[in-house]
Amino acid sequence: MNILFAVSEATPFAKTGGLADVAGALPTALAETGDLVYLFLPLYGEIKEKYRAFTPEAEVFIPIGDRLLPGSVVSLTTPPDDQHPNLKIFFIAQDELFDRPLLYGPNGVEYADNGIRFIFFCRAILDAVNLLNLDIDIYHSHDWQTGLIPVYLKTLYKNLPRYQGGSLFTIHNLGYQGIQKKDLLPLTGLDWDEFTFERLEFFDRLNLLKGGLVYADKLNTVSRAYSREILEPEFGFGLDKVLQERRNDLYGILNGVDYSEWDPASDPYIDNHFQLGRMAGKKECKKKLAQIFGLTFSETQPLIGMVSRLVTQKGFDLILPLLEEVTEFAAKFVFLGTGDKKIEAQLSELSRQYPDQIAFTCGYDNRLAHLLEAGADIFLMPSHYEPCGLNQMYSLRYGTVPLVRATGGLDDSITHFDPKTGSGNGFKFNDYTLSALQETLIEALELYQKPKLWHRLRANGMRCDFSWKQSAEQYKELYKKIINE
Ligand code: ADP
Ligand code: GLC
């Protein structure tokens, strides 16, 4: 099969969250099964800076309203040695739109022209298919930034022989919909007929995510549980009815883990490696982590860590009040994250108030994220909603016990530990309340004081296998369904 993978971020090129981890790993996992994968990304400033040499592949001219915006399709002049031969990576270059310091805008505030940026991206990809003579069986697009691809395939590009492939749209997070003023509709090149309640209109605005939901041949989200949750008003962000209409075409496929990137036995970002049966390195990582965060190392007290975008989705309206009472817990907390200015300020303030127990590094730091996974005893993820979540799965492999709320992918990947049977890989609570979080934390802290049980729990997690191979097989099944229907 020939698969076009259109996405707005992918490791190792550009990343703000888990979408990049998925887009960095799934194309390779598919390529390994024999598929040919064409990955398309915007050429952001940071990619230009890091890779420098690019080979021009084609020129594009995209009509945006009355303007004809020029751009180009480029590839890396020297692709990395470990890039799979079945994977081809192309970048859409348009400096006015993409050569900026950030992907989408500062501190969670979107650039004002994000609508235009991603209209351009989607149309440039589709034009590139023709210019590069690609034969595509499946157009696989992700989140609102590429929601227009399935729309174009069923409208502007519908009757062109080159564009007869099917489409899959993956929802990584329904909370981000790319909602634009309706004046943007003419800039898409689409007809006003598309601006109806059944199609792209959403409370008199243009909703780019909805385009993907309405027009793609099939849809999926990144866990089974989330694929059910989004059919309900609580998690549907106003699109639950649209999704209910499409429930027979909606699937849930859990993300995988790229163990070539996230494995404590070989992780290049940590000095002391470890694995099941040889755990001494983990203690050294904990010491290093405590030191970097300016906390004193304690063997008897667990170090509880969190790496996260700082947004309410991740459970901060429970975490912040929990931290107000931190002196009641025999534990220390380390946070790494950036995002909402208010949450940043509150975490900074708490770390000033309780310097022996709470430390916060404000920023984005991949190396530190790896050390935190390695050095922490417990990983905190009490998300309000979580389409999949990757850090809980990374944590398992690093012997860092996840403490999660039962939602989305957290619910699908974590089972609550039962000391009687010795089964389970983490701590999980149901109700999104402070008391439920507190109780579960207390349970975790008590278990930490029982080394035999703790080691059992940790080992259960380290034995879990969430490799991409299984998820890639499920995507292939879905692609085949699309082609055969
Ligand atoms: P989401 O995509 O909602 O942010 P995920 O759990 O799927 O959540 O993925 C988050 C990814 O981003 C993980 O790889 C995590 O390590 C990384 N990440 C998040 N914040 C930071 C940060 N401040 N520094 C480094 N990595 C981060
Ligand atoms: C989103 C979700 C996260 C998921 C990631 C990758 O950003 O918030 O739960 O793991 O996408 O699919």
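## Leu148 and its helix

Leu148 sits in helix H5, residues 148–154. Helices here are DSSP runs of H or I with at least four residues, strands are runs of E with at least two, and both are numbered from the N terminus. The model is predicted: local features need pLDDT of at least 70, side-chain atom pairs count only at pLDDT 80 or more, and totals for chains, interfaces and linings use all residues. Residues are numbered from 1 along each chain as its sequence is written, chains are lettered from A and ligands numbered from 1 in the order in which they are written, and side-chain values use heavy atoms, with hydrogens and water left out.

Is Leu148 buried or exposed? Leu148 counts as buried, at 2% relative accessibility. Buried means under 20% relative accessible area, exposed over 50%, and partly exposed in between, with a 1.4 Å probe and protein chains only. Cys122 is 26 residues away from Leu148 along the chain, yet their C-alpha atoms are separated by 6.4 Å.

## Ligand 1

The shell around ligand 1 holds 21 residues. Lys15, Gly18, Asp21, Arg309 and Lys314 come nearest. A residue is near a molecule if one of its heavy atoms lies within 4 Å of it. By class, the shell has 7 nonpolar, 8 polar and 6 charged residues. Ala, Val, Leu, Ile, Met, Phe, Trp, Tyr, Cys and Pro count as nonpolar; Asp, Glu, Lys and Arg as charged; the others, Gly among them, as polar. Domain 1 (2–256 + 468–484) and domain 2 (280–462) each supply at least three residues to this shell. These bounds come from an automatic or database domain assignment.

Polar atoms line up with the ligand at several points. A polar side-chain atom of Arg309 lies 2.7 Å from an oxygen atom of ligand 1. The backbone contributes too: an N or O atom of Leu390 is 2.9 Å from an oxygen atom of ligand 1, and one of Asp365 is 3.0 Å from a nitrogen atom of ligand 1. Ligand 1 taken alone exposes 560 Å², and the protein buries 94% of that. Accessible areas come from the Shrake-Rupley method with a 1.4 Å probe; for residues, only the protein chains shown count as cover. Two or more residues of the shell come from each of H1, strand S13 (303–310), strand S14 (332–339), helix H14 (366–375) and helix H15 (391–397). S13 gives the largest share, 3 residues.

## Ligand 2

Ligand 2 is surrounded by 14 residues. The closest are His172, Asn255, Glu386, Cys388 and Gly389. The shell divides into 6 nonpolar, 6 polar and 2 charged residues. Helix H1 (residues 18–32) gives the most, with 3 residues. Domain 1 and domain 2 each give at least three residues to the shell around ligand 2.

Three side chains place a polar atom by an oxygen atom of ligand 2. The distance is 2.8 Å for Asn255, 3.2 Å for Gln313 and 3.3 Å for Asn173. On its own, ligand 2 has 310 Å² of accessible area, and the protein covers 93% of it.

## Glu386 and the cysteines

Glu386, one of the residues closest to ligand 2, lies in the loop between strand S16 (378–381) and H15. At 4% relative accessibility, Glu386 is buried.

Cys388 is in no disulfide, and the nearest cysteine sulfur, that of Cys464, is 13 Å away. Cys388 is buried, with a relative accessible area of 2%. Cys285 is buried as well, at 1%.

## Backbone details

Thr11 and Pro12 are joined by a cis peptide bond, with omega of about 0°. Pro12 is in the loop between strand S1 (2–6) and H1.

Asp143 has a phi of about 60°. Its loop runs between strand S6 (138–142) and H5, and Asp143 is buried at 9% relative accessibility. Asp204 has a phi of about 65°. Asp204 lies between strand S9 (201–202) and strand S10 (205–207) and is partly exposed, at 40%.

Technical notes. Disulfide = S-S within 2.5 Å. Polar contact = N/O pair within 3.5 Å; in protein donor to acceptor, adjacent residues only side chain to side chain.
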